Amino acid sequence: MLLVILTHGALAQAYKEVLGNFIADLSRVEFHAIEEQDNIETIFVELYEKYKTIQEEIIFATDITISSSSNIAYRIAKKLEKSKVVTGINLMLLIQIIECGHINNEIVDLAKNEIKIIKE
């Protein structure tokens, strides 16, 4: 399984730095940032060309559901047989995906359960 984290701005780099504190081997995780000045179509083409020949499952993880990052990931995933897209990522979800080597509803539910109001 290859995990591709596609986010806006510095968030991808921040995930890389923080995940490195929890997980020693990030060799199966790639990080890509979309900057404000980037051309979305160019990024789509570049990423599709990079991943189109990979035979293993690819999980694209994006920060915001209705966004350019998710749009790019979805468009690529539609063209690849073994791929999934998960949106609205948080740190717990990424750790679970990396540790388990896959994504399913149980893993998503674990990550959802991390969101709590601990003081109102």
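## Briefing: a buried helix face and a parallel sheet

In helix α2, residues I43, F44, L47 and Y51 are buried. These four cover an arc of only 100° around the axis, which puts them on the same side of α2. This is a predicted model, so please read what follows with that in mind.

**Helix α2**

- Helix α2 spans residues 40-51, which makes 12 residues.
- From its first C-alpha to its last, α2 reaches 16 Å, close to the 16 Å expected at 1.5 Å a residue.
- An α-helix has 3.6 residues a turn, so residues three or four places apart point the same way.
- What lies over the buried residues of α2? The cover includes strands β1, β2 and β3, together with helix α3 (68-79).
- At the N-terminal end, α2 is capped by N39, with a side-chain oxygen 2.9 Å from the backbone nitrogen of E41.

**V45, another residue of α2**

- V45 is also found in helix α2, but V45 is partly exposed, with a relative accessible area of 40%.
- V45 and L19 are 26 residues apart in sequence, and their C-alpha atoms are 27 Å apart in space.

**The sheet**

- Here 4 strands form an open sheet with parallel pairing, and their order is β2-β1-β3-β4.
- Strands β2 (29-34) and β4 (83-86) are the edge strands, each pairing on one side only.
- From one strand to the next, the twist averages 20°.
- Strand β1 (residues 2-8) runs parallel to β2, and 6 bridges join the two.
- Which residue of β2 is the bridge partner of L6? That partner is H32.

- Helix α4 (residues 91-100) lies across β1, β2, β3 (58-62) and β4.
- The direction of α4 is at about 160° to β1.
- N90 has its place in the loop between β4 and α4.
- A polar atom of the N90 side chain lies 3.3 Å from the backbone nitrogen of M92.
- What does N90 touch when its neighbours within four places in sequence are left aside? N90 is then in contact with Y15, A111 and I115.

Conventions
Residues numbered from 1 in each chain as written. Predicted model: local features only at pLDDT ≥ 70, side-chain atom pairs only at ≥ 80, totals over all residues. Heavy atoms only, no water. Pairing = 2+ DSSP bridges. Axes fitted to C-alpha atoms, helices over the stretch in contact; angles between N-to-C directions. Contact = heavy atoms within 4.5 Å. Expected span 1.5 Å × (residues − 1). Buried < 20%, exposed > 50% of the residue type's maximum accessible area, 1.4 Å probe, protein only. Arc of directions from axis to C-beta. Polar contact = N/O pair within 3.5 Å; in protein donor to acceptor, adjacent residues only side chain to side chain.
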